[in-house]
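Here are my notes for your review. Please read them with the model open.

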Amino acid sequence: MDPISKFIRDPVVVFAGDGRILEMNRTARARFGESADNWRHLFGELDRLEDLLERASGSADPVLGALRMAAAYAAEVDGKVEALALRRAGGIDYAIKFRDPAGDQFNALTAQVRELNGEISVRRRLQAELEEALAHNRVLYRELQHRMKNHLQMILALVSSAGRESEDPGRKQFVKMLQSKLAALFDAQRLMYAEDAGNGLRVDQMLSALAETVQTLADVRITIEVRAEPIVAPNDLAFPLALIANELLTNAVKYADGPNAAVSLSFVRIGDEAVLTVRDNGPGFAPSASGPSSSGLGLVRGLCRQIGGQFTLQSDAGAVAVVSFPLAEASHVSS
């Protein structure tokens with residue numbers, strides 16, 4: 001037998017045209033035994049063998065087929081084989097290689113693994129492209145927020161300058177009110193897009209910053225106590241919540257009474273709901289539903305509707321304003 005066939009692990013048998021077994025490699029001898037000397041010893045249906053050999057005679061390449069094995073190999077109902085015509089000076093002989101079913105399954109599995117690896121490579125490339133695009137968009141987003149912060153800061157400076165230059169008390173009061181609202185938006189925007197802010201807003205930090213701003217803008221010396229849980233809330237709550245807290249704090253500072261005037265703000269989460277409470281020690285008040293004195297509280301009511309919340313105002317040794325709204329997506333900051 002050709003020495004190359006020794007490298008073939010599958011059984012290979014060479015037949016003469018009359019059916020005699022001319023050669024077998026080592027694997028074939030181990031499988032069929034040394035006594036096998038004719039293809040009748042191996043195959044049960046010779047007509048299928050003849051058809052296969054006829055097809056092999058018309059081709060220079062191996063021909064794939066399936067042959068019924070002899071009774072001695074009944075466990076192998078149909079053996080998958082490859083037949084190759086060997087043209088020699090004395091005629092045509094035939095080499096038949098028996099394909100190992102386990103090997104076929106391994107080859108199929110190998111092909112599937114190769115296909116999966118190809119898909120994984122494509123997906124990794126797409127993921128890398130998406131991550132690169134996302135990183136680029138984040139840079140653009142940060143740049144946009146940085147410019148917005150600068151614009152807010154410039155507007156706030158212009159408003160403050162206008163207030164200082166005006167001698168009209170009414171205009172000064174309006175400028176102070178506008179300055180307070182812009183400062184609230186600026187504090188919220190600054191905290192929303194800080195480098196470590198992630199995808200949420202630290203409500204306790206924002207409320208503390210707002211209290212400090214309102215206290216600075218007030219014409220009277222007053223204490224504002226803030227007790228807020230360390231909660232991270234979605235960014236879409238930042239601006240409405242900042243304006244609500246600013247209005248309530250501004251009103252509380254305005255109506256707090258005497259040298260011991262004090263204002264307190266608390267923010268807690270109860271289940272899926274947040275509760276913001278602003279209290280002062282003034283005489284308490286219940287402003288009318290319309291007019292200049294109620295415009296700020298009208299804004300609060302409108303913003304509460306925007307975030308799906310409720311607003312109540314009552315007197316209890318001073319004014320007590322309570323805003324409650326859903327906060328299902330919030331989370332506490334781990335200590």
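1. First, a cut-off. Exposed means over 50% relative accessible area, buried means under 20%, and partly exposed lies in between. By that cut-off Asp-272 is exposed, because its relative accessible area is 51%. Asp-272 also pairs with Arg-269 in a salt bridge, at 3.8 Å from N to O. Keep in mind that this is a predicted model.

2. The salt bridges come to eleven by count. Some share partners: Glu-45, Arg-48 and Arg-68 are joined into one network. Asp-18 and Arg-20 form another bridge, 2.8 Å from N to O. Arg-20 is partly exposed, at 44% relative accessible area.

3. Helix 3 spans residues 101–165 and holds both Arg-125 and Glu-129. Their side chains form a salt bridge, with the closest N and O atoms 3.4 Å apart. The two residues sit four apart, about one turn of the helix. An α-helix has 3.6 residues a turn, so residues three or four places apart point the same way. Glu-129 is partly exposed at 41%, and Arg-125 is partly exposed at 44%.

4. Helix 6 covers residues 238–255. Is this helix mostly covered or mostly open? Mostly covered: 14 of its 18 residues are buried. From first to last C-alpha, helix 6 reaches 26 Å, close to the 26 Å expected.

5. Phe-174, Met-177 and Leu-178 make a nonpolar surface patch of about 250 Å². Leu-178 belongs to helix 4, residues 169–192. Leu-178 is partly exposed, with 30% relative accessibility.

6. Check Ala-317. Its phi is positive, about 55°, although Ala-317 is not a glycine. Ala-317 lies in the loop between strand 11 (310–315) and strand 12 (319–326). At 71% relative accessibility, Ala-317 is exposed.

Methods
Residues numbered from 1 in each chain as written. Predicted model: local features only at pLDDT ≥ 70, side-chain atom pairs only at ≥ 80, totals over all residues. Heavy atoms only, no water. Expected span 1.5 Å × (residues − 1). Buried < 20%, exposed > 50% of the residue type's maximum accessible area, 1.4 Å probe, protein only. Patch = residues over 30% accessible without salt bridge, like charges linked within 9 Å, V, L, I, M, F, W, Y side chains within 5 Å. Areas by Shrake-Rupley, 256 points an atom, 1.4 Å probe, with all protein chains shown as cover. Salt bridge = Lys/Arg side-chain N within 4 Å of Asp/Glu carboxyl O.
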